[in-house]
Amino acid sequence: MTTQRTGAVSAHNAKVMNRFELTKRVVGQLKREEAVIGGIGNANFDLWASGQRPQNFYMLGSMGLAVPIAFGVAIAQPQRHVIALEGDGSLLMQLGCLATVAMQAPKNLAIVVWDNGVYQITGGQPTASSSTADIVGIAHACGIANSAWAADEEDFERLVAQALKGGPSLIAARIDDKPGVATTDRDPVRIRATFMQGLGVKRTL
Amino acid sequence: MNDTKTKAATWHEIVLTTLKNNKVKLVTYVPDRVFTPLIKALHADSFFTTFPCTREEEAVGIVTGAWMGGLRGAVLMQTSGFGTIPNALASLVVPCQIPALIFVSERGTLGEFNLGQAMVCKTMRPVLSSIGVENHTITRIDELAFIVDRSIKQAVATQAPVAFILSPLLTGGKVFEA
């Protein structure tokens, strides 16, 4: 089982990495027009900064819904892999979605959780994952067997490559408290229309 | 004569058929007693992908993603569940122009026994109106197919969500003995 192989890595000994650096590593592995959903706040700011692929969707509201939105795309387009990039605070708001994903078991869905242990964008208040809650433990208990902490950057890349072969899976990465490196253009209609064109659903903008 | 052909269609048969006629293949829901025959029929029909969600806004998020991926979706919930989705509507569905189809089993009126349902019921239409979401309260079975069919077509054509509030006058509601 994957979980046993990476079982030695926990939230306590995983390397603290940088979200933008890891976001670039995710995008760098995408060769088949995979869809990426950037959760509200810094998750989508860093996705925006990594290059505006038409297959990226940037959430400007609806905190907690990155995984459900990604899951919906995955249902609609079973041949395309879909990745949700979500913060620990956002995921903690909508933990039930992990249970739903495990129950439906979409093969083309991967979830990446950036865990910095704080609600960074609102002033750095601590999240439960900074002390007591373990994101990977929660995902396992919900039934997502392919869930693991990334030990370091190389391990993260390996886990992403593995996730793109089959899912559902969850990768948690401990990250520092550096803010996102850019700000997404706040134009939801354009974001949605570009995304639909990137997915081949809309022919024109 | 075939009895099954002459038998009047029930409200839930009409909803299912209208969804199918409009290629609405995905139905996410948080369960409701009144909607149970519809939910059972959706599960029994391989045309539909249907499953329960842990929370109504999760169900809304899933149909939003599905629409962007080219698949039409509807969400089923009860009145109290509507109280959990204003943020998903106001900060995702409305600004992104998503034709989410929202079916609410109306509780809180015409014989409600649960005060919580009654209070959320009072907020439902004002919330929908204040964020400009078209909504129809359906009380008559002879109007059901027309309202749902035309409204789905309008939602898709105008890229706007629509809410269908199915009244106890239509569904029978949830009955209790006072």
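In chain A, the buried residues of helix H7 pack against helix H5 (88-93), helix H6 (96-104), strand E4 (109-115), strand E7 (146-149) and strand E8 (169-174), where helices (H or I, at least four residues) and strands (E, at least two) are DSSP runs numbered from the N terminus, and where contact requires C-beta atoms, placed from the backbone, within 7 Å. The model is predicted, so that local features need pLDDT of at least 70 and side-chain atom pairs pLDDT 80 or more, whereas totals for chains, interfaces and linings use all residues. Residues are numbered from 1 along each chain as its sequence is written, with chains lettered from A and ligands numbered from 1 in the order in which they are written.

Helix H7 of chain A spans residues 135-142, and its buried residues are A:Ile135, A:Val136, A:Ile138, A:Ala139 and A:Cys142, a residue being buried if 20 or more other C-beta atoms lie within 10 Å of its own. These residues lie on the same side of H7(A), because they cover an arc of only 160° around the axis, the arc being that of the directions from the helix axis to the C-beta atoms. H7(A) is followed by A:Gly143, which has a positive phi near 110°.

The contact between the chains takes 26 residues from chain A and 25 residues from chain B. On the side of chain A that touches chain B, helix H4 (66-76), H6 and helix H9 (188-198) each supply at least two residues, and the largest share, 8 residues, comes from H4(A).

Note on methods: A residue is buried if 20 or more other C-beta atoms lie within 10 Å of its own, exposed if 12 or fewer, and partly exposed in between; C-beta atoms are placed from the backbone. Two residues are in contact if their C-beta atoms, placed from the backbone, lie within 7 Å.
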